[in-house]
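Hi everyone, thanks for coming. Let me put the structure up on the screen, and then we can walk through it together.

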Amino acid sequence: MRLSGLLSEETITLNLTRSDKKGVIEELLNLAMKTGKVSDRSAALKSVLDREELMSTGLEKGVAVPHAKTSTADGLTMALGVSKEGIDFNSADGKPSHLFFFLLAPESEAGRNVQVLAQIARLTNDSRFCDSLRQARSPEDALDIIRNAE
Amino acid sequence: MNTKEPIQKILLYIDGSEECIAAAQYAIVLAKKTGAALKGLYVVNVSLLKELTKAKIFVKIEEMDYEQDLAQDGKRYLNYISELARSKGVEIETELVKGVVNKEVVERVQEWGIDLLVMGELNPIQSRTDAYHDEAELIFRKSKCSVLVVKDQDRSEKLFNALEGNL
């Protein structure tokens, strides 16, 4: 399952502007909305925030994977955000998060959803990949970095 | 082993893809024409779910929730292929198991004495990670019996539709 096939230049930002957890999730959701596949922004936001309530999706090594199942998504919907400074996302290692892989999935696509999350886990396990993505110069460059790693 | 009939037990691997439905149609046609016994198998990929929990992307309750979702998907697909088989008067046994997908399929082939494994067209290898993690690819390579990869979906459908429905 290729992440580069779910992302486009318009669903990637290399300069997240918000500095709080909820704000970053909203910013990523706004990018995901550009796909036209999310029918109800409020419901989608609630799904992601509810998931974060269970436990933060801020992992180690500066990576966060905010995600949720939601009936408001018409197919897998993804966005990518990069923060050069890093954002406090209640991560597992207590360090700021820099890379945000945002994923919404309809309940009917559990299988593909799991495949995409597994692909994110595998790619971000490589610190060279994460470093390259943090230093991407443009959304197009970020997409190339992902394509080359896949 | 009865060597008179080359195909006596067919295992149909169901993974929920569009391609596996074509494989089901082809397997039903084969079972009808050869008189082979037909089994359908779906494996809930719990190893992948555990991988996600280990990576802290999932919490335990989420892992369990997805496991249920995947099992429900599996049941739906198995029910669907059972209906397809019965509509053509072909008996089919189905089973849903949980585990490492390729390992479970390969083990069932051995355990059930399967002589032909039928599966849908393999996905193109689009990435290096696909090559290591594509379960269908791993099953194809590891299976100890002959494997039939059904490629022509239109032809499968035509053969299936042309099959008479009586027992």
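How many residues of chain A are in contact with chain B, and how many of chain B with chain A? It is 17 residues of chain A and 19 residues of chain B, where contact means that two C-beta atoms, placed from the backbone, lie within 7 Å. On the side of chain A that touches chain B, helix α3 (residues 110-124) of chain A gives the most, with eight residues. By class, that side has ten nonpolar, three polar and four charged residues. Nonpolar here covers Ala, Val, Leu, Ile, Met, Phe, Trp, Tyr, Cys and Pro; charged covers Asp, Glu, Lys and Arg; the others, Gly among them, are polar.

A word on ground rules. This is a predicted model, in which local features need pLDDT of at least 70 and side-chain atom pairs count only at pLDDT 80 or more, while totals for chains, interfaces and linings use all residues. Residues are numbered from 1 along each chain as its sequence is written, and chains are lettered from A and ligands numbered from 1 in the order in which they are written. Helices (H or I, at least four residues) and strands (E, at least two) are DSSP runs, numbered from the N terminus.

Now look at chain B. Its five strands form an open, parallel sheet in the order β3-β2-β1-β4-β5; strands pair if DSSP finds at least two bridges between them. At the edges, pairing on one side only, are β3 (92-99) and β5 (146-150) of chain B. From one strand to the next, the twist averages 25°. Helix α1 (residues 18-34) of chain B packs on this sheet, touching β1, β2, β4 and β5 of chain B, and its direction makes about 145° with that of β4(B). Such angles run from 0 to 180 degrees between N-to-C directions, with axes as lines fitted to C-alpha atoms, for helices over the stretch in contact. Within the sheet, β2 (residues 37-45) of chain B pairs with β3(B) over eight bridges, and B:Asn45 stands opposite B:Gly99.

Back to chain A. Strand β4 (residues 77-87) of chain A runs parallel to β1(A), joined by two bridges, with A:Thr13 opposite A:Gly81. With β5(A), β4(A) runs antiparallel over seven bridges, and A:Thr77 has A:Leu104 as its bridge partner.

Finally, A:Ser56 sits in the loop between α2 and β2 of chain A.
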